[in-house]
Amino acid sequence: GYELPTEICYKLISDGIYQVWGLPNIGIDNPRVAVQVKDSSIQYISLKTYEDQFPKLKSLLIQKYGKPTNSKSEVVKTKVGASFNNEKLYWQGANVVMVLSRYSNDIETSSLTIMNETATEKALIDRDKSLKEAASKL
């Protein structure tokens, strides 16, 4: 049968985005990790898991980093009209922001995104520059 990797493995899955396996077990079921790399710098790390893992992930982050620096609650609706309260928690560091969302792209998935603010800002500036260059050619 298939065995999970015991050391870190990664695979390029699209432009600068890598799927990562073999991370240490932190007690979260079915973590799926992706890393966005731009100009040899990590722009963000995304961890997605089942929504029922949200309380565990929230508890782990509070134990490690303390209370969130900000929190927000927003209503999300499914395609069939059901409404859910999406809890979003933010931890702000010197150059890093972590965002934990109860619901990610759907109501069955929670996510943790860790963003390198410097790399993200540079990527946005580069994107705007590329768009302006493309527009000037029209």
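Colleague: Which residues does Leu61 touch, not counting residues up to four places away in sequence?

Modeller: A contact is defined as heavy atoms within 4.5 Å. By that criterion, Leu61 touches Gly66, Trp91, Met98, Leu100 and Leu112. The model is predicted, so local features need pLDDT of at least 70 and side-chain atom pairs count only at pLDDT 80 or more, whereas totals for chains, interfaces and linings use all residues. Residues are numbered from 1 along each chain as its sequence is written, and side-chain values use heavy atoms, with hydrogens and water left out.

Colleague: How many residues does the largest nonpolar core have?

Modeller: A nonpolar core is a set of buried Ala, Val, Leu, Ile, Met, Phe, Trp, Tyr and Cys residues joined through side-chain atoms within 4.5 Å. Buried means under 20% relative accessible area, exposed over 50%, and partly exposed in between, with a 1.4 Å probe and protein chains only. Here the largest such core has 13 residues, and Leu57, Leu61, Trp91, Leu100 and Leu112 have the most contacts inside it. Two or more residues each come from β3 (32-38), α1 (54-65), β6 (83-92) and β7 (96-101). Helix α1 gives the largest share, three residues.

Colleague: In what order do the elements of the protein run from the N terminus?

Modeller: Helices (H or I, at least four residues) and strands (E, at least two) are DSSP runs, numbered from the N terminus. The order in this protein is β-β-β-β-α-β-β-β-β-α, which comes to two helices and eight strands.

Colleague: How many salt bridges does a search of the whole structure find?

Modeller: Side chains of opposite charge can pair when their charged atoms come close. A salt bridge is a side-chain nitrogen of Lys or Arg within 4 Å of a carboxyl oxygen of Asp or Glu. The search finds four. In one of them, Glu87 pairs with Lys58, with the closest N and O atoms 2.9 Å apart. Because Glu87 lies in strand β6 and Lys58 in helix α1, this pair ties together parts 29 residues apart in sequence.

Colleague: Which residues are linked with Glu87 in a network of salt bridges?

Modeller: The network links Glu87 with Glu51, Lys58 and Arg102. Between Arg102 and Glu87, the closest N and O atoms are 3.8 Å apart. Arg102 lies in the loop between β7 and β8 (109-116) and Glu87 in strand β6, so the pair ties together parts 15 residues apart in sequence.
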